[in-house]
Amino acid sequence: MKESVLRYKKAFILLLFLIVISPIFGVILANLLGYHEPLDIAAELLGLNETTEEINWTPFLDYSVPGLPPEVGYIVSGLLGALVVLLLGYIVIKLRK
Amino acid sequence: MHIPDGYLDPYICVATYLVAVIVVILSFRKIKDLSVDKLTLIPVLAAAIFVAQMLNWPLPGGTSLHFVGAALAAILVGPWGGSIVLTLVLLVQALVFHDGGITTLGANILNMGIVAVWTGWLIYKYVPNKRLATFLAGWLSITFAGIVAGLELGLSKQLSQQFLYGLSITIPVMGGWHAVLGIIEGIITMGVYMYLTNKYPGLVSG
């Protein structure tokens, strides 16, 4: 794992940069212009109801962190999520090597 | 394109979970054949796609989307590896951030981790001009994944007792919008591919 982290050092630096700027896209612009996916349009037309808020198990809902402003929460979520994905990925390849 | 909890009926949830579980197990077996280089790329690529998916493109007054990365993953680590990459991303998004539901995780893996990955892979493999191929792979991967998501939504909601009424709404809406927004996915996929071929040709070959 250490070897791989060193090998992809540049990629990780780029990812850190993207995580730091991610609130511009995921929070600020999304609030300013509205985030509305085609899926939301289809669901509205059909009258489908989302149950995400009623049945929720995670404190990090929608990439937020309790007690932190949304922009900072988004960055912390980005770091946390990327680390968990990375860790799971290394477990998968460890099992396959 | 993450379907939240509540949108799909139980039959569609079970059916999509079944397909997703079978393909993910198969993919997990198949990635054993990947070279060590490709295998070690899987965690890094998954983390990169997770981050890229956080960068939404909200378009003024209209509809938004974010990069999915399925075609790019398929191009870089093959279709089996690509399915594993997207499954890792979707799993963490659903479990840690509730982005995409838990009952709909099977459907989301099917749409983005299987349909989009394999569409991207087949186009990349069979279109001879690789630059064009990567654009088409990105674009059509999103379009097809959108259509399949529309199929799942449409089949889940039967309005006014009219058979397949839901589909007459969801297929055009999902297919149409994703065909338009998917062009951005195509451009990004092509851009990243061209950058990597220039800078790190070893990553893209084979």
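Biologist: Why is Asp62(A) called partly exposed?

Modeller: This is a predicted model, and in it Asp62(A) has 17 C-beta neighbours inside 10 Å. A residue is buried at 20 or more and exposed at 12 or fewer, so with 17 Asp62(A) counts as partly exposed.

Biologist: And what makes Tyr63(A) buried?

Modeller: Tyr63(A) has 24 C-beta neighbours inside 10 Å. The cut-off for buried is 20 or more, so Tyr63(A) counts as buried.

Biologist: Where does Tyr63(A) lie?

Modeller: Tyr63(A) lies in the loop between H3 and H4 of chain A. Asp62(A) lies in that loop too, which runs between helix H3 (38–46) and helix H4 (70–96).

Biologist: What is the phi of Asp62(A), and what is the phi of Tyr63(A)?

Modeller: Phi of Asp62(A) is near 55 degrees, and phi of Tyr63(A) is near 60 degrees. Both are positive values in residues other than glycine. Most residues other than glycine have a negative phi.

Biologist: Let's go to chain B. How do you know that Val68(B) is buried?

Modeller: Val68(B) has 31 other C-beta atoms within 10 Å. Buried asks for 20 or more, so Val68(B) is buried. Val68(B) lies in the loop between strand E2 (65–66) and H3 of chain B.

Biologist: Which residues is Val68(B) in contact with, leaving aside its neighbours within four places in sequence?

Modeller: They are Met1(B), Met112(B), Ala116(B), Ile142(B) and Glu185(B). As for Val180(B), it is 112 residues from Val68(B) in sequence and 14 Å away in space, C-alpha to C-alpha.

Biologist: What makes Leu105(B) count as buried?

Modeller: Inside 10 Å, Leu105(B) has 24 C-beta neighbours. Since 20 or more is enough, Leu105(B) counts as buried. Leu105(B) is found in helix H4 of chain B, and beyond four places in sequence its contacts are Leu90(B), Ala94(B) and Gly100(B). Glu185(B) is 80 residues from Leu105(B) in sequence and 22 Å from it in space, C-alpha to C-alpha.

Biologist: Why is H3(B) called roughly antiparallel to H4(B)?

Modeller: H3(B) and H4(B) pack at an angle of about 170 degrees, with their axes 9 Å apart. Angles over 145 count as roughly antiparallel, so that is the word for H3(B) and H4(B). Their crossing is right-handed.

Biologist: Which residues make that contact?

Modeller: From H3(B) they include Ala73(B), Leu86(B) and Leu90(B), and from H4(B) they include Leu105(B), Met112(B) and Trp118(B). By class, the contact of H3(B) with H4(B) has 18 nonpolar, six polar and no charged residues.

Biologist: How do you know that H4(B) is roughly antiparallel to H5(B)?

Modeller: The axes of H4(B) (105–126) and H5(B) cross at roughly 150 degrees and come within 8 Å. With the cut-off at over 145, that makes H4(B) roughly antiparallel to H5(B). The crossing is right-handed, and the contact has 15 nonpolar, six polar and one charged residues.

Biologist: Then what makes H1(B) oblique to H3(B)?

Modeller: Helix H1 (residues 10–30) of chain B packs against H3(B) at an angle of about 120 degrees, with the axes 8 Å apart. Roughly perpendicular covers 65 to 115 and roughly antiparallel needs over 145, so H1(B) is oblique to H3(B). H1(B) passes H3(B) in a left-handed crossing.

Biologist: Which residues meet there?

Modeller: Val23(B), Val24(B), Ser27(B), Phe28(B) and Lys30(B) in H1(B) meet Trp80(B), Ser83(B), Ile84(B) and Thr87(B) in H3(B). They divide into five nonpolar, three polar and one charged.

Biologist: Which residues of the largest nonpolar core touch the most other members?

Modeller: Leu45(B), Ala73(B) and Val85(B) do, in a core of 95 residues. H3(B) gives the largest share of this core, 19 residues. Leaving aside neighbours within four places in sequence, the contacts of Val85(B) include Leu45(B) and Ala73(B).

Biologist: Lastly, how many residues of chain B are in contact with chain A?

Modeller: There are 48 in chain B, in contact with 49 residues of chain A. On the chain B side, H2(B) gives the largest share, ten residues. The residues of that side divide into 32 nonpolar, twelve polar and four charged.

Technical notes. Residues numbered from 1 in each chain as written. Chains lettered and ligands numbered in written order. Predicted model: local features only at pLDDT ≥ 70, side-chain atom pairs only at ≥ 80, totals over all residues. Contact = placed C-beta atoms within 7 Å. Helix = DSSP H or I, 4+ residues; strand = E, 2+ residues; numbered from the N terminus. Nonpolar A, V, L, I, M, F, W, Y, C, P; charged D, E, K, R; others polar. Axes fitted to C-alpha atoms, helices over the stretch in contact; angles between N-to-C directions. Parallel < 35°, antiparallel > 145°, perpendicular 65-115°, else oblique. Left-handed = near helix turned anticlockwise from the far one by under 90°. Core = buried A, V, L, I, M, F, W, Y, C linked by C-beta atoms within 7 Å.
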